[in-house]
Amino acid sequence: KGKCPEDGWDESTIELFLHELAIMDSNNFLGNCGVGEREGRVVSGLVARRHYRLIHGIGRSGDISAVQPKAAGSSLLNKLTNSVVLDVIKLAGVRTVTSCFVVPMATGMSLTLCFLTLRHKRPKAKYIIWPRIDQKSCFKSMITAGFEPVVIENVLEGDELRTDLKAVEAKIRALGAENILCVHSTTSCFAPRVPDRLEELAVICANYDIPHIVNNAYGVQSSKCMHLIQQGARVGRIDAFVQSLDKNFMVPVGGAIIAGFNESFIQEISKMYPGRASASPSLDVLITLLSLGASGYKKLLKERKEMFSYLSSELKKLADNHNERLLDTPHNPISLAMSLKNLDETNDAAVTQLGSMLFTRQVSGARVVPCGSVQTVNNYTFKGFMSHANDYPCAYLNAASAIGIKKQDVDVFLKRLDKCLKTFRKEAKQEKSINEISDANAATEQLEN
């Protein structure tokens, strides 16, 4: 049926299935006589076993989704993977998606492929409208494709940074719709930035007949992000949405899924990929989804949501204990932010020092964001880089509840963060005492004089 099985398979069944696919490839035929330049020859047995002897990769020179006659097993693997992944995207919340394919590139390069495909449809266009998100790969994806990003600054609503819809529409009118390649929006992001107003952006794109590409990097794991994409496609226009394999399906880095609601456009993107491609990302995600089954993946999604609530409540308690606060970002379903106002006021370097302290204590993934840092990316200067705004009101720390996180991860993180913050408070007290003693000595000396 080309769907993800409801219940996961055991490892021996998956291996048997992969071996059956592998013997359909010509390089594994007993009497094969290869006289071409690409015959699936592998000198290392270890490498051959690592890839289950599926050596030919996927696609043909003109189309990554095409069937390769001498690699029937690898071609079947590719078709099945795309079909199973499409089924999982539907069960995750985007029910009307019609087509998708796995591409052996991470999210940034996959976005570039989408932009390059649109170039042929809109030859006059040179601009991409991009509501600001301080993440380098999605910014560089536009530069690499040869377009000029038009950065739309976010608006501050309470603690949240949200899409400035008026600025987007004003910029479209100023530049002219025919000169704009697309709107490049984002769902999953670090708090206090929240997912873009996808429904409203989709309506604007439909009204001005402008394509809309969504960076859904780690949004498959969030029912809220997937709902935004579904609603955007229902009320307006979304041409394609791109998501990472590693972040959403817990496989090695190196693959992404390009999906959309118009099958012919998704096929155009797949045909834009030059040459055949590595089958490794397809193989990894197929093995993972066969072992989990639909029920196993849904269970992981449910656990992630529960852990988000737990992390949120526990981080709030810790923030209160240190006279800080958990920033109020109800529209962000994955990432949380805790203010570091007191730390920032104590010492300019204290915020970044906290980040290095956490890292040396084996806490990975937590980001500390100081105020006012400036960074230049491809000749574009961003003020307040990493905070998604020129002047966010305070320094803060990020933590995320992503798929696969366990209660133990949250508890250990909070314990180590608490210890680090106590160290800073202790040092601040000592420094204050030293300063008071110095002031008292100076006053005594003045009186004596």
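1. Arg361 counts as partly exposed, because its relative accessibility is 36%, a value between the 20% and 50% cut-offs. In this predicted model, Arg361 sits in the loop that runs between α13 (350–360) and β11 (367–369). Leaving aside residues up to four places away in sequence, Arg361 touches Arg416 and Cys420.

2. Arg361 is one of the positions that UniProt lists under "binding site", in an unreviewed entry; the others in that list are Arg234 and Lys426. These positions are spread over 193 residues of sequence, and they are spread in space as well, with up to 54.9 Å between C-alpha atoms. The annotation may be inferred rather than shown by experiment.

3. Lys426, also on the UniProt "binding site" list, is placed in helix α14 (residues 407–448). Its relative accessibility is 57%, so Lys426 counts as exposed, the cut-off for that class being over 50%. Arg361, at 36%, falls in the partly exposed class.

4. Lys247 is the position that the unreviewed UniProt entry lists for "modified residue: N6-(pyridoxal phosphate)lysine". In the model Lys247 belongs to helix α9, which covers residues 245–249. Its relative accessibility of 37% is why Lys247 counts as partly exposed. With residues up to four places away in sequence not counted, Lys247 touches Ala217, Tyr218, Gln221 and Ile403.

5. The domain assignment divides the chain into domain 1 (11–293) and domain 2 (297–435). Between the C-alpha centres of domain 1 and domain 2 the distance is 30 Å. Their contact draws 41 residues from domain 1 and 40 residues from domain 2.

6. Pro333 is found in the loop between α11 (280–321) and β10 (335–339). Pro333 is buried, because its relative accessible area is 13% and the class takes values under 20%. Not counting residues up to four places away in sequence, the residues that Pro333 touches are Pro195, Ser222, Lys224, Cys225, Arg304 and Phe308. Phe190 is 143 residues away from Pro333 along the chain, with 10.0 Å between the two C-alpha atoms.

7. Helices α4 (residues 107–121) and α5 (residues 136–144) pack at an angle of about 35°, and their axes are 8 Å apart. The crossing of α4 and α5 is right-handed. On the α4 side the contact is made by Gly108, Leu111, Thr112 and Phe115; on the α5 side it is made by Ser137, Cys138, Ser141, Met142 and Thr144. Sorted by class, this contact holds 4 nonpolar and 5 polar residues, and no charged ones.

8. For the chain as a whole, the model has 14 helices and 14 strands. The C-alpha trace spans about 105 × 55 × 40 Å along its principal axes. Of the 449 residues in the chain, 51% are buried. Among contacts between residues at least 6 apart in sequence, 74% join residues that are at least 24 apart.

Note on methods:
Residues are numbered from 1 along each chain as its sequence is written. This is a predicted model: local features need pLDDT of at least 70, side-chain atom pairs count only at pLDDT 80 or more; totals for chains, interfaces and linings use all residues. Side-chain values use heavy atoms; hydrogens and water are left out. Axes are lines fitted to C-alpha atoms, for helices over the stretch in contact, and angles run from 0 to 180 degrees between N-to-C directions. Helices (H or I, at least four residues) and strands (E, at least two) are DSSP runs, numbered from the N terminus. A crossing is left-handed if the near helix is turned anticlockwise from the far one by less than a right angle, and right-handed if clockwise. Contact means heavy atoms within 4.5 Å. Ala, Val, Leu, Ile, Met, Phe, Trp, Tyr, Cys and Pro count as nonpolar, Asp, Glu, Lys and Arg as charged, and the others, Gly among them, as polar. Buried means under 20% relative accessible area, exposed over 50%, partly exposed in between (1.4 Å probe, protein chains only). Domain bounds come from an automatic or database domain assignment.
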